[in-house]
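Trainee: Could we go through this structure together? I would like to begin with the terms and then look at the parts in turn.

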Amino acid sequence: MNDLLRRAVSLSLFWKCVAAVVGILLIQGTFRLLEQTLPRRFGKADARYRVRKFLVFCGYVTILLFIFMLFEDRLGRLSFAIGVAGAGVAVALQDVLASIAGAFSIGFSKLYAAGDRVQIGDTRGDVIDVGLLRTTLMEIGNWVGGDLYSGRIVRIPNSMVLKGSIFNYSQAFGFIWDEIKVLFTTTSDCRLAREILLRVAKEAIGEYLVEAQISWKTVGDYYRSANPALEPTVALVVNAGALEFTVQYVVDYTKRSAMKNQLFTKIVEEVASSNGRLQWASSGVTVINQAATPGAIEAHPSSSIHSAVRT
C-alpha cells in the first residue's frame, strides 16, 4: 500500500489528475456498495438511516484525504493558484457554499433532525433526510386537509435555514396547543355547555396531560420560559348572535386531526342527549318579505341553523 502511494505521489501532474479521477470513482463506488448492503444488517429504520449517513460522511472524508495525499508535494507551489481559483469558485458557487454552511448550522445548532416535523418557509412536513446541500421533507397539507401527507417529496436547499424562520413541531416539547370552536344559540344553557365542553376535553387529553407536563419541565431546563396552563380551557364570546365557545388544549403534534374528530364526536353525542337544552347555531340568512314594499328582500345574519321567513 505504501509503495503504491509513493508511486502515485511521484507521477506527473497529468497522471496525478488521471489517478485522482480513477481513485475518486473507485472510492465512491466502494462506499455506494456499502450504503446499499451494510444498513440492511440493522433492524430499526433509525439505525439504518444513521449508518447510511455515516458511510456517506466517511466517503467524503476518504476522497479528501486521497486527494491531499496525492497532491501533497505540489500543494506549496500551487497555493497561489488554488487561492485565486478558490475565490472564483466561491463567487460562482455561493449558493452551494451557503447550503453547505446551512448543513453545518443544522447539525451544530440542532435546528432539526430526521424524523422531526418542521415548517421551512411555506413548506410543512416531516424531515426524512438531511443532506449536505438539501433537506428532504415528506410534505404535509397543501391541498390535503388536516395533518395528512400530500404524497409529494420536497427538497429544500439548506441555505434556507440561514435566511428565514424554522418552525419545529416536535423538538423538546413534542406537543402543540390546538383549539376548536363550537357554536350554540343564545337560548342554550350556557353553564351546561361549558361543563360539557370542559369535561369532554379533559377526558380526551387525559392520556397526554401527564406526559406533556413532564415534557414541559424538560423545556424549562434548556430555555427560560413561563409555565403555561396545560389543562384544557373553555372561553366564551358572543359572535353574530350566537354563543361561540373556544376549547383550547394540548395534543401530540401527530394527532391533531384525530383529536378534533374525537372531541366533535363526543360533543355531538352530548348535545343530542341534552333534551333540547343545547341547540346548534350557525351563520345563515334571514329572508324578510315586507308587505309595504312587495318584492323587497332584506338579508340579515342569523344565529340559527335554518333561515326564518316572514310574510
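Mentor: Let us begin with pairing: two strands pair if DSSP finds at least two bridges between them. Helices (H or I, at least four residues) and strands (E, at least two) are DSSP runs, numbered from the N terminus. This is a predicted model, in which local features need pLDDT of at least 70, side-chain atom pairs count only at pLDDT 80 or more, and totals for chains, interfaces and linings use all residues. Residues are numbered from 1 along each chain as its sequence is written, and side-chain values use heavy atoms, with hydrogens and water left out.

Trainee: How many helices and strands are there in the chain?

Mentor: The chain has seven helices and eleven strands.

Trainee: Which residue takes a positive phi in the hairpin of E1 and E2?

Mentor: Gly121 does, with a phi near 65°, and the hairpin has two residues between its strands. Strand E1 (residues 117-120) and strand E2 (residues 123-130) are antiparallel, with four bridges. Ile120 has Thr123 as its bridge partner in E2.

Trainee: What is the bridge partner of Ile120 in E5?

Mentor: That partner is Ile166. E1 and strand E5 (residues 166-168) run antiparallel and are joined by three bridges.

Trainee: And how many bridges join E7 to E8?

Mentor: Seven bridges join strand E7 (residues 233-239) to E8, and these strands run antiparallel. Val238 is opposite Leu243 in E8. Their hairpin also has two residues between the strands, and there Ala240 takes a positive phi near 55°.

Trainee: Changing topic, which residues have the most contacts inside the largest nonpolar core?

Mentor: They are Phe184, Ile205, Tyr249 and Met259, in a core of 34 residues. Strand E6 (175-185), helix H6 (190-222), strand E8 (242-252) and helix H7 (256-272) each supply at least two of its residues. H6 gives the most, with 13 residues. A nonpolar core is a set of buried Ala, Val, Leu, Ile, Met, Phe, Trp, Tyr and Cys residues joined through side-chain atoms within 4.5 Å. Buried means under 20% relative accessible area, exposed over 50%, and partly exposed in between (1.4 Å probe, protein chains only).

Trainee: What is Tyr249 in contact with?

Mentor: Contact means heavy atoms within 4.5 Å. Leaving aside neighbours within four places in sequence, the contacts of Tyr249 include Ile176, Trp177, Ile205, Pro232, Met259 and Leu263. Apart from this core lies another, of eleven residues, among them Tyr49, Ile120, Val127 and Ile156.

Trainee: Which residues of H7 are buried?

Mentor: They are Met259, Leu263, Ile267, Glu270 and Val271. Seen down the helix axis, the buried residues of H7 fall within an arc of 95° (taken from the directions from the axis to the C-beta atoms), so they line one face. These buried residues pack against E6, H6 and E8, while Asn261 and Ala272, on the other side of H7, are exposed.
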